[in-house]
Amino acid sequence: MKILALSTSSKVLSIAVCKEDKILAKFHKNINKEHSSNIIDKVEETLNSAELKISDIDLFGIDIGPGSFTGIRVGVTAIKMVAKISEKPVVGIKSLDIIADAIDKTGIRKCVVLDAKRRKVYSGMYEENEHIGVYRLSDIKDILKNIKDDVIFSGDAISLYKPEILEELSGINVKFVSEDKWYPQAVNLAKLSLDKYNKTGSDDVDKLVPEYFYSRECSIKGI
């Protein structure tokens, strides 16, 4: 099965074309959230690198957020349109899950924290790549007070809260992944999309919507 995976929830535009677990082509670059003016060209370039056309794709995987309001909307809308036209299945995966999947440590709890502005973070906790608990939008202190065991962090909120994390969790072993893994990577999205499709089938393209966590109507400067 050939998969086209697209992530536009962060400042990084990430695209991957895979055949099962084999990477045929990928694009992963910080474009400063200018997704609307780059997405079509970069998807086409990535497909060309894989020597494929959009009609060759069997499954579409899309990052549904949380993250950049505009970026998520652009990406989800584009993939839904292509999936409808091609009548191919589509699967939505949360950005937090995509980032967690790139953490290669095992046997240690994982925590993904993304900057949500207004001194808030989006967060997800994971054990052995399985999400546990609930996805949250909250103050960083609310996240940290529930962590009692050794943990490894990923996500762009590290740049804002690393000193606070180390201070609050001084009694346990705390690790941080490198910055290159703070943002969703389409290669991981392709893997998760195929796994989800094989287990539960595709999502309803008409019901697939972004995961903003914040109200869609709110306006947050900088997102």
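**A first look at this predicted model**

Helix α1 (residues 39-49) lies across β1, β2 and β3 and runs at about 30° to β2. This is a predicted model, where local features need pLDDT of at least 70 and side-chain atom pairs count only at pLDDT 80 or more, while totals for chains, interfaces and linings use all residues. Residues are numbered from 1 along each chain as its sequence is written, and side-chain values use heavy atoms, leaving out hydrogens and water.

**Helices and the sheet**
- Helix α6 (residues 186-200) packs on the sheet too, touching β1, β2, β3, β4 (59-63) and β5, and its direction makes about 120° with that of β5.
- Angles run from 0 to 180 degrees between N-to-C directions, with axes fitted to C-alpha atoms (for helices, over the stretch in contact).
- The sheet is open, with five strands in the order β3-β2-β1-β4-β5 and mixed pairing.
- At its edges are β3 (22-30) and β5 (90-93), each pairing on one side only.
- Two strands pair if DSSP finds at least two bridges between them.
- Strands β1 (residues 2-7) and β2 (residues 12-19) run antiparallel and are joined by six bridges.

**The whole chain**
- The protein chain has six helices and 10 strands, which are DSSP runs numbered from the N terminus (helices: H or I, at least four residues; strands: E, at least two).
- Buried residues make up 49% of the 223 residues, where buried means under 20% relative accessible area (1.4 Å probe, protein chains only).
- Of the contacts with a separation of 6 or more, 65% are between residues 24 or more positions apart; contact means heavy atoms within 4.5 Å.

Terms used
Buried < 20%, exposed > 50% of the residue type's maximum accessible area, 1.4 Å probe, protein only.
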